[in-house]
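Welcome! Have the sequence and the 3D view open side by side, and let us take a walk through this protein together.

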Amino acid sequence: MRYSYLLLILFLSILYKESFSQAPDSITLSATIYDESPIRNPDFEIGNYYNGVVEGIVQPDLGADGTPVYCCGDNSVTVNGKIVVHNQTTFNSWFHSDPGVNIPIPFNLVLTKIGPDTYAYQSSSFFPIDGQGFDNSTLYPNEPKYLNHNFHFCMKIHYSFTYHGGEYFTFTGDDDVWVFFNEVLQIDIGGIHTAATKTVYMDQLGLTVGQSYPWDFFYCERHTSQSNLNIITNLNFTCLSYDACDVCEGNNDTCCVVNECTQSVANPCLVQACGPDTDYQCRFDSVVCPNSDSKCLVSTCDPGFGCFQFPTNCNDNDPCTDDYCNDLVGCFYEQVEGCESCDDVDICQTTDPCHPLECNPRGFPQCISTPVNCTSNDPCIFSYCQNGNCIPEYICTPTPTVTPTVTPTVTPTVTPTVTPTVTPTVTPTVTPTVTPTPTVTPTVSPTLSPTMPPTHSPHPIVTPPDLASDCLVCRDLGCEKAGKACKYIENETIRKFGCNGEGCCKYTPTCY
C-alpha cells in the first residue's frame with residue numbers, strides 16, 4: 001500500500017512538472033480597479049492617519065458576495081487616536097461599484113515567468129490608472145491632483161488554483177492587502193503603511209492534493225506618496241467563468257468603461273445607460289426637459305447650454321388675424337374687421353429678399369414688409385438674413401487666456417467615535433523556498449487617442465467674462481489636433497448651488 005502511494009505521488013509530481021514545462025511565459029490576471037477620490041470618500045488621503053500595519057480590519061471569512069467583510073459596522077477603526085477606516089459605509093465602496101463615489105475600471109495584471117514554475121509581478125511605482133477615472137481632467141476638471149499620479153484606488157482579483165503540493169504565494173507592498181485562500185483570510189496587511197511582506201505556503205493550509213480552491217486578492221492604495229505591489233508565486237491560476245466584460249468572476253461593473261460610455265458625459269442633453277437591458281453596451285438617451293407651467297413657453301435642450309425654454313410661436317401666417325399667447329390657454333387669434341386678403345404682385349414687388357413686400361389686406365399702407373425670421377431656438381446660435389438666406393453663427397465658445405493651476409485639496413479629518421481593540425503589527429518577512437531573480441514588469445501607459453489631422457476649420461472662440469484664471473481651458477485639451485473645435489459648458493452644480501471651497505470652476509472645456 002505504501003509503495004502504491006509513493007508511485008501515485010511520483011506520478012503526480014512528474015505530471016505537475018511536465019505541465020509547467022509547457023507553461024506560458026506570462027500569466028494575465030483580469031482585475032477590477034475601483035478608482036476612488038478623497039473628496040468622495042474620507043478613507044482616502046486621510047489627514048491625521050495612523051502609519052503602520054493594522055490587522056483585524058476585515059473578518060477572517062470571505063463575505064457571501066466574494067468581498068471582505070468590515071470588522072466594525074458603523075464604528076471607526078482607530079489606533080492611538082488616529083483614523084484607519086471610518087466605517088462600514090466608507091469601506092463598502094472599496095470593492096463595490098458605487099456610482100458618484102468610485103469608477104470601476106478593468107485592468108490586466110501580468111505576471112512574468114521568472115523560473116521553471118515561478119511567476120512574478122514587481123513594481124515600486126504601481127499606478128495602473130493614471131489619467132483614467134477621476135484623474136481624467138477633461139471629465140473631472142475640479143478633481144485635486146497628487147504628485148502627478150492617481151494615488152487612490154482599490155483592486156480585486158478572483159481566480160482558482162489546483163493544489164499539487166509545494167505551492168506558495170508571497171506579497172510585498174502597500175497599503176491594505178487581504179488575500180483569501182479557500183475563502184479564509186491568510187494575508188492580513190491592513191492600514192496605510194510602507195511596504196510589508198507575507199508568504200503563505202499551501203502545504204500548511206490542510207488542502208487536498210488534486211483539488212481546486214478559490215483565491216481572492218484585495219489591494220488598496222490610499223495615500224501618497226508610495227505605491228508598491230510585488231508578487232512571487234508558483235500557483236497555477238485558472239478561471240472558472242468570465243463576465244460580459246472579460247473579467248474573471250466579475251459582475252459586469254466595468255463594461256461601461258470598456259465601451260467608453262464616459263465619452264459623452266459632458267453633453268447635458270444625454271443620459272448614459274449601460275447594463276443588462278442594453279446588453280452591457282453604451283447607450284445615450286435624450287434628456288427629457290421639464291415642461292413650463294406656462295403654455296407660452298416650450299422646453300428643449302441644447303448640447304452647449306442644457307435645458308431651457310423659449311416662447312411659443314403663435315404666428316398663423318394669416319394677415320387678417322392678430323395673434324396672441326396666454327399662459328393658461330396658449331395661442332389664440334382675433335379676426336380683424338374689414339380685412340380681406342389681397343395678392344397684388346404688380347404693386348408690391350420685393351427688392352430686398354430679407355424684407356419681402358406683400359399686399360396689405362388691411363388697406364393702408366398699400367404694401368407691408370415682413371422680415372425673414374432667422375431667430376434660432378438655440379441660445380448659442382445667432383442667425384441673420386443675407387440675400388434671403390439665414391446665416392447661423394455659433395457664439396458660445398470662448399477663448400482660453402491663461403494656463404490653469406490646480407491646487408490639491410485636503411480631505412477634512414473626521415473624529416472617530418469608537419476605537420476597537422486593534423493591535424498594530426508588522427508581519428515578519430518570510431523568504432520562500434525559491435528565491436527568484438526579480439524582474440520589472442513593463443510599465444502600462446494609459447491609452448491615448450491617436451493624433452488626427454484637422455478635418456475642418458475651428459469655430460471662433462470667445463472667452464466668457466467670468467472664466468476663472470485657475471481653471472482648465474480649451475488650450476489644455478488640444479482639440480484642434482484631433483480635428484475638433486472646443487467649447488465651454490457651464491457646470492450645472494455650481495450654477496445651482498454655488499461654490500463650496502477653493503478650486504471651483506464654473507465652466508468645463510469640451511472638444512466636439
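The phi angle of Glu45 is near 55°, a positive value in a residue other than glycine. Is Glu45 buried or exposed? Its relative accessibility is 11%, so Glu45 counts as buried, since the cut-off for buried is under 20%.

Leu147 is not a glycine, yet it has a positive phi of about 55°. Is Leu147 buried or exposed? With a relative accessibility of 56%, Leu147 counts as exposed, because exposed means over 50%.

## Two cis peptide bonds

Next, turn to the backbone links. Most peptide bonds are trans. The bond from Asp174 to Asp175, however, is cis, with omega near 0°. Asp175 belongs to the loop between β7 (168-173) and β8 (177-181).

Another cis peptide bond runs from Thr224 to Ser225, and here omega is near 20°. Where is Ser225 found? Look in the loop between β11 (212-221) and β12 (229-233).

Ser294 is placed in the loop between β15 (283-286) and β16 (297-302). Its relative accessibility is 13%, so Ser294 counts as buried. Which residue does the side chain of Ser294 touch in a polar contact? The partner is the side chain of Asp327, at 2.5 Å.

Gly81 lies in the loop between β2 (77-79) and β3 (82-85). Because its relative accessibility is 53%, Gly81 counts as exposed.

## The whole protein

Time to zoom out. How many helices and strands does the protein have? The secondary structure comes to five helices and 25 strands. The protein has 512 residues, and buried residues make up 41% of them. Among contacts between residues at least 6 apart in sequence, 66% join residues at least 24 apart.

## Spaces inside

A search of the whole structure turns up three cavities of 30 Å³ or more. The largest cavity has a volume of about 90 Å³. Its lining is made of 13 residues, and those nearest its centre are Glu143, Pro144, Tyr146, Asn150 and His152. What kinds of residues line the largest cavity? They divide into five nonpolar, four polar and four charged.

## How confident is the prediction?

The mean pLDDT of the protein is 78, and 73% of its residues reach 70 or more. Over residues 1-10, the pLDDT is below 50, and this stretch has zero contacts in the model beyond near neighbours in sequence.

Residues 398-458 also have pLDDT under 50. For this second stretch, the model has 120 contacts beyond four places in sequence.

Notes:
Residues are numbered from 1 along each chain as its sequence is written. This is a predicted model: local features need pLDDT of at least 70, side-chain atom pairs count only at pLDDT 80 or more; totals for chains, interfaces and linings use all residues. Side-chain values use heavy atoms; hydrogens and water are left out. pLDDT is the predictor's confidence in each residue, from 0 to 100. Contact means heavy atoms within 4.5 Å. On a 1 Å grid over the protein atoms alone, a cavity is a set of points where a 1.4 Å probe fits but cannot get out, and a pocket is an open set with protein on both sides within 12 Å along at least five of seven lines; lining residues have an atom within 4 Å of a point. Grid points are joined across faces, edges and corners, and a volume is the space filled by probe spheres set on the points. Ala, Val, Leu, Ile, Met, Phe, Trp, Tyr, Cys and Pro count as nonpolar, Asp, Glu, Lys and Arg as charged, and the others, Gly among them, as polar. Helices (H or I, at least four residues) and strands (E, at least two) are DSSP runs, numbered from the N terminus. Buried means under 20% relative accessible area, exposed over 50%, partly exposed in between (1.4 Å probe, protein chains only). A polar contact is a pair of N or O atoms within 3.5 Å; within protein, one must be able to donate a hydrogen and the other to accept it, and residues adjacent in sequence count only if both atoms are side-chain atoms.
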